[in-house]
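Please open the model in a viewer and keep the selection tool at hand. The stops below are arranged so that each selection leads to the next.

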2 protein chains.
Amino acid sequence: MATSTSKDQQHAALAARYGSELPPECGPWNETIAALLSHRSVRKYLPKPLPDNTVTTLAAAAQSAATSSNLQTWSLIAVTDPALKARLSAVAAGQKHIIECPLFLVWVADLSRLRRVGEQKQQQLAALNYLEMLLVATIDAALAAQNAVVAAESLGLSTVYIGALRNDTQRVAAELNLPEGAVGVFGLCVGYADHSVPAEVKPRLPQSVVVHRDQYDVAGEPARLDIYDQDLAEFSRRNELSVSNWTNRVIARTKELRAMAGRDKLAVALRALGFPLS
Amino acid sequence: MATSTSKDQQHAALAARYGSELPPECGPWNETIAALLSHRSVRKYLPKPLPDNTVTTLAAAAQSAATSSNLQTWSLIAVTDPALKARLSAVAAGQKHIIECPLFLVWVADLSRLRRVGEQKQQQLAALNYLEMLLVATIDAALAAQNAVVAAESLGLSTVYIGALRNDTQRVAAELNLPEGAVGVFGLCVGYADHSVPAEVKPRLPQSVVVHRDQYDVAGEPARLDIYDQDLAEFSRRNELSVSNWTNRVIARTKELRAMAGRDKLAVALRALGFPLS
């Protein structure tokens with residue numbers, strides 16, 4: 001398995017993922033790793049139904065991911081009702097792929113199940129009030145979701161994460177009948193990609209900027225970000241409606257609070273949903 | 001690929017993952033999904049070195065995961081220095097596998113890179129002060145880490161996540177020279193499993209408890225948790241030093257603040273590390 005893909009294929013996959021600045025050395029390689037490297041997010045889906053019981057398979061993959069202390073502090077809402085998908089799309093700034101995809105998965109950071117266990121056993125579970133437990137639940141949900149993405153892509157399906165569900169977590173909770181202590185942390189569209197829309201692999205920051213050995217080290221970062229800005233502007237020119245480099249996109253996304261589209265109120269919303277964030 | 005594994009193998013994999021309460025229907029299946037279902041966390045490693053440049057491969061898989069708005073708000077510290085691993089093990093309640101594994105990966109929720117971009121362009125990036133951006137960075141790091149886990153397991157390596165790095169995020173930041181706006185959210189041991197230690201697949205909660213259709217629904221949950229408690233007590237008897245069911249473990253982990261081992265102070269520590277959590 002480790003040698004089933006040639007060095008040429010490995011080099012091509014790394015070149016697509018890293019643009020100008022390739023990692024200096026290749027490492028071990030196989031078809032699974034090649035599949036991971038070929039990931040791209042898809043925002044245009046065919047009106048083609050999924051294989052029977054796809055949710056069962058994706059959920060089994062998701063539940064097989066690690067979970068902190070086996071607490072399993074997440075839940076999954078599989079949304080197929082068109083009217084409900086339309087209302088969730090409205091929360092997420094009207095993203096059409098939520099309506100167009102046959103399956104929309106909402107990943108829930110879920111402390112409510114532990115609360116119910118505590119209530120049934122008449123025990124106060126003090127830790128559930130802490131920010132730490134929101135992070136545990138959010139990380140658990142993300143590890144599970146990524147396993148579902150790997151499983152979906154192995155079946156020829158495509159996906160895109162929807163962070164904009166956090167624009168209004170209270171409305172999402174109301175739409176999905178979530179109990180106190182549960183919050184939808186992100187969505188995931190699942191379906192067959194419409195390949196008439198271009199979808200190149202998007203280049204990422206060079207490893208030299210992201211990966212550090214024993215100690216975090218920013219030496220050389222500005223020069224490397226300049227090169228990445230050029231790569232991403234080229235990618236943007238080929239694939240997107242408006243051309244932008246990475247630096248400008250970072251600033252556009254994070255300078256003004258209105259770009260947060262409501263997510264600047266997330267802490268307030270979480271407290272209302274039963275997360276005191278102590 | 002979708003039919004390369006028989007229904008018998010699929011049934012056996014689901015039975016190992018779900019114990020008494022199997023999902024009612026099987027879905028699409030292949031070798032990738034079988035590999036995901038066979039995951040188990042490993043806490044005993046052989047003193048065997050990794051293939052050359054394993055970090056490069058795992059990092060390339062990690063960087064290929066989706067990242068919110070391509071902001072790439074995470075970094076990875078690959079720790080191999082034995083003295084440093086020993087100090088990080090001390091933060092994590094002395095977990096020996098951190099010392100014994102040949103590679104310890106620290107996954108960093110990293111807003112510091114965006115801060116540096118803002119400083120270089122003389123822009124105040126207001127969003128970076130919000131809880132939302134800590135969640136973005138934590139989710140980004142978790143998606144990346146899970147891709148690295150899938151890649152590692154495809155190479156015959158094993159892993160275990162270390163949430164206990166959050167026992168003292170300030171000490172971890174000091175040990176790794178993290179800039180302001182960066183926090184180690186969890187660790188990951190990587191190495192060759194010592195198969196002389198038993199490592200069964202751990203049963204998870206039934207899908208009927210975790211997966212919901214269009215609306216969250218707790219009907220039937222208590223009866224199903226009773227069955228899961230029995231399954232997990234059996235698993236615990238076969239695999240662990242002390243026998244416990246799920247309910248008792250939930251209560252032991254979350255009732256008393258001392259079980260949080262310092263993580264009840266996470267919000268304070270994060271503010272000190274440059275996350276105002278607005």
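The tour goes from the pair of chains to a contact between them, then to aromatic pairs and a strand residue.

This is a predicted model, in which local features need pLDDT of at least 70, side-chain atom pairs count only at pLDDT 80 or more, and totals for chains, interfaces and linings use all residues. Residues are numbered from 1 along each chain as its sequence is written, chains are lettered from A and ligands numbered from 1 in the order in which they are written, and side-chain values use heavy atoms, with hydrogens and water left out.

**Stop 1: both chains**

Display chain A and chain B together. Two copies of a chain are related by a rotation about an axis and a shift along it. Here a rotation of 180 degrees with 0.0 Å of shift along the axis places chain A on chain B, with an RMSD of 0.0 Å. That is the relation of a two-fold axis. The superposition is by least squares on the C-alpha atoms of residues with pLDDT of at least 70 in both copies. Of the interface residues of chain A, 100% are also interface residues in chain B, so the copies meet through the same surface.

**Stop 2: a helix contact between the chains**

Helices (H or I, at least four residues) and strands (E, at least two) are DSSP runs, numbered from the N terminus. Axes are lines fitted to C-alpha atoms, for helices over the stretch in contact, and angles run from 0 to 180 degrees between N-to-C directions.

Next, show the side chains. Arg113(A), Leu114(A) and Val117(A) of α6(A) meet Trp246(B), Thr247(B), Val250(B) and Thr254(B) of α11(B), where contact means heavy atoms within 4.5 Å.

**Stop 3: aromatic pairs**

Which arrangement do the rings of Tyr228(A) and Trp246(A) adopt? Their centres are 5.9 Å apart and their planes lie at 65 degrees, so the pair is edge-to-face. Rings of Phe, Tyr and Trp (its six-membered ring) pair if their centres lie within 6.5 Å, and planes over 60 degrees apart count as edge-to-face. Tyr228(A) belongs to helix α10 (residues 221-239) of chain A and Trp246(A) to helix α11 of chain A, so the pair ties together parts that are 18 residues apart in sequence. Tyr228(A) is buried, at 1% relative accessible area, and Trp246(A) is buried at 1% as well; buried means under 20% relative accessible area (1.4 Å probe, protein chains only).

Move to chain B and select Tyr228(B) and Trp246(B), an edge-to-face pair with 5.9 Å from centre to centre and 65 degrees between the planes. Tyr228(B) is buried at 2% relative accessibility, and Trp246(B) is buried at 1%.

**Stop 4**

Return to chain A, where the axes of α10(A) and α11(A) come within 7 Å and cross at roughly 85 degrees. This makes α10(A) roughly perpendicular to α11(A). Leu225(A), Tyr228(A), Asp229(A), Leu232(A) and Ser236(A) in α10(A) meet Trp246(A), Thr247(A) and Arg249(A) in α11(A).

**Stop 5: a strand residue**

Finally, select Val183(A), which sits in strand β4 (residues 182-191) of chain A. Is Val183(A) buried or exposed? Val183(A) is buried, at 1% relative accessibility. Beyond residues up to four places away in sequence, Val183(A) touches several others, including Trp107(A), Leu134(A), Leu270(A) and Phe275(A).

Technical notes: Rings of Phe, Tyr and Trp (its six-membered ring) pair if their centres lie within 6.5 Å; planes under 30 degrees apart count as stacked, over 60 as edge-to-face and the rest as tilted. Buried means under 20% relative accessible area, exposed over 50%, partly exposed in between (1.4 Å probe, protein chains only). Angles under 35 degrees count as roughly parallel, over 145 as roughly antiparallel, 65 to 115 as roughly perpendicular and the rest as oblique.
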